[in-house]
There are 2 protein chains.
Amino acid sequence: MSGLIALDWGTSSLRAFRFDDTGRLAETRARPWGIRHLPEGGCDAALAGIAAGWPALPRLACGMVGSRNGWREMAYLDLPADAAQLGKALGSVRAADGMDVHLVPGLRDPHGPDVMRGEETQLFGALARRPELAAASTFILPGTHSKWAVVRDGAVRGFRTLMTGELFAVLRQHSILGATGAEAADDAAAFARGVAAARDSGGAGAFSRLFSTRALMLDGALAPASAPDYLSGLLIGEEFRAALADGLARRDTRLQLIGEAALCERYRRAAALFDIELPAPIEDAAAHGLWRLATQAGLVSIHTRESRAC
Amino acid sequence: MSGLIALDWGTSSLRAFRFDDTGRLAETRARPWGIRHLPEGGCDAALAGIAAGWPALPRLACGMVGSRNGWREMAYLDLPADAAQLGKALGSVRAADGMDVHLVPGLRDPHGPDVMRGEETQLFGALARRPELAAASTFILPGTHSKWAVVRDGAVRGFRTLMTGELFAVLRQHSILGATGAEAADDAAAFARGVAAARDSGGAGAFSRLFSTRALMLDGALAPASAPDYLSGLLIGEEFRAALADGLARRDTRLQLIGEAALCERYRRAAALFDIELPAPIEDAAAHGLWRLATQAGLVSIHTRESRAC
């Protein structure tokens with residue numbers, strides 16, 4: 001029996017994908033066992049738990065599991081980097097069951113400097129699913145720490161981290177902008193208004209417009225329940241404003257979202273206000289990236305259905 | 001006996017100034033009784049406590065004491081506004097001792113919209129002390145919510161709030177940028193480096209550079225103990241970058257700081273990296289502003305030492 005157990009192992013969650021030997025995704029599991037929320041027994045117990053009942057297959061993990069606070073720290077691989085280079089740079093850690101867990105290193109952009117762990121695997125998964133994007137594209141991976149990554153000729157050439165999701169969370173929970181005392185409404189117009197405020201801030205940028213969230217409320221011009229959507233629009237709009245100012249995106253750049261549908265939909269709505277039409281996001285990119293890197297590294301050999309029948 | 005009890009009453013602290021009838025500041029007291037930290041008995045108890053033993057003089061208060069959560073909500077006065085207009089717009093509340101406490105309204109810039117409470121009094125105090133600045137100046141009032149205010153011909157014409165101090169606090173306490181595990185050092189070079197990173201971010205702005213605080217640490221290029229100064233520089237530098245981009249400051253604008261010496265010194269060091277030389281700050285501006293507005297409103301009549309001798 002051949003195949004792969006692929007692990008997308010982040011700070012707050014762990015997802016496991018079992019591939020059969022044709023590269024078909026046979027089963028997916030998720031547990032809340034990110035590296036900051038491990039069960040008793042640590043990484044070994046989490047792995048044994050999430051893979052319970054699965055055959056003893058090669059295992060490959062990406063994400064914060066390879067960070068200083070993870071299972072084993074993997075040095076970042078410097079840009080530019082393509083899938084072949086990343087596949088050659090895998091490391092491993094010996095699990096309590098006596099078998100290795102292979103680990104994908106993160107990427108480092110020495111120009112920033114900037115770093116990513118996990119998103120590199122999503123990028124190569126996206127390229128595996130949509131090879132036509134490999135020539136020249138900019139990928140947007142929204143999240144706690146959003147990434148904008150430039151790909152040329154199949155290699156990641158540069159990227160930048162924007163702390164959009166984390167800023168939204170800390171401002172909502174700990175700043176005066178979150179002290180509305182109201183349940184959050186779902187207000188698409190307030191979101192669009194926030195995006196427009198960031199877009200129209202010109203070179204000054206949305207930092208200088210953050211307080212407008214409060215001032216508009218005091219003015220009676222923004223309902224407290226709509227303030228979260230306005231703030232979300234302001235911060236996501238700022239990503240597009242800054243990316244355009246920075247040359248990470250140009251109006252003729254091929255832009256592609258990678259990520260979960262609901263969050264990506266916000267980015268598509270924001271992009272539309274910059275006259276940028278974003279196609280539907282690529283989902284499950286981590287799983288496909290892990291499979292691609294595993295084949296690249298020779299951890300698995302692909303059997304076509306025909307050869308398997310022999 | 002004549003004179004004034006002037007109250008600078010904010011969210012977290014209360015300061016009281018006793019002026020004699022010549023306008024001389026005779027005594028200053030401070031208590032931690034901001035409107036969110038009132039003693040038992042509320043505003044009345046705080047006033048009685050801080051003014052204990054002082055004669056029964058007219059009383060004038062500015063700041064968040066005039067907000068919705070203060071003693072009495074005072075409607076904002078719309079821009080443009082000069083000292084005479086603000087003096088005419090005072091309100092009052094009857095204290096438990098049977099005497100009024102007069103209240104200074106905040107200002108509203110309808111263009112933002114944006115609002116201030118307390119800083120308007122500091123602005124007119126600064127103009128009282130430095131009349132030569134009334135013709136054309138931009139004032140910077142650093143703080144939790146920094147204000148940049150444009151004054152022309154003695155009137156406040158526009159202003160903008162930047163949440164620099166609050167952003168620094170929430171990012172330090174609640175985001176990954178504060179999770180350094182190190183005691184903060186006092187690192188002027190790291191501060192300057194943060195200012196330069198904001199300055200050199202061009203039109204993209206410092207939002208897009210926030211994560212560099214973390215990336216530089218992971219890279220071994222920024223000591224964890226120096227991260228707070230780097231972040232402080234990034235955020236204060238962003239104020240100057242955005243103000244220049246926004247036209248709030250031009251390189252030929254007369255810029256003047258108002259505020260406490262240590263914080264203002266950071267702004268002077270940041271300004272120097274933008275080739276802007278800022279003079280020493282105007283301190284105790286709130287007290288002088290309260291005296292000026294009290295005379296403007298006729299709450300006190302000024303006796304010269306000569307007339308008093310009659």
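By what turn and what shift along the axis can chain A be laid on chain B? A turn of 180° and a shift of 0.0 Å along the axis do it, with an RMSD of 0.0 Å. The superposition is by least squares on C-alpha atoms of residues with pLDDT of at least 70 in both copies. The two copies are therefore related as by a two-fold rotation axis. Gly203(A) comes closest to that axis among residues of chain A, at 2.3 Å (C-alpha). The same surface serves both copies: 100% of the contact residues of chain A recur in chain B. Contact means heavy atoms within 4.5 Å.

This is a predicted model: local features need pLDDT of at least 70, side-chain atom pairs count only at pLDDT 80 or more, and totals for chains, interfaces and linings use all residues. Residues are numbered from 1 along each chain as its sequence is written, chains are lettered from A and ligands numbered from 1 in the order written, and side-chain values use heavy atoms, without hydrogens and water.

The largest nonpolar core has 44 residues. Such a core joins buried Ala, Val, Leu, Ile, Met, Phe, Trp, Tyr and Cys residues through side-chain atoms within 4.5 Å; buried means under 20% relative accessible area (1.4 Å probe, protein chains only). Leu210(B) is one of the residues touching the most other members. Its contacts include Met163(A), Leu167(A) and Phe207(A).

Technical notes. Buried < 20%, exposed > 50% of the residue type's maximum accessible area, 1.4 Å probe, protein only. Lists of a residue's contacts leave out its neighbours within four places in sequence.
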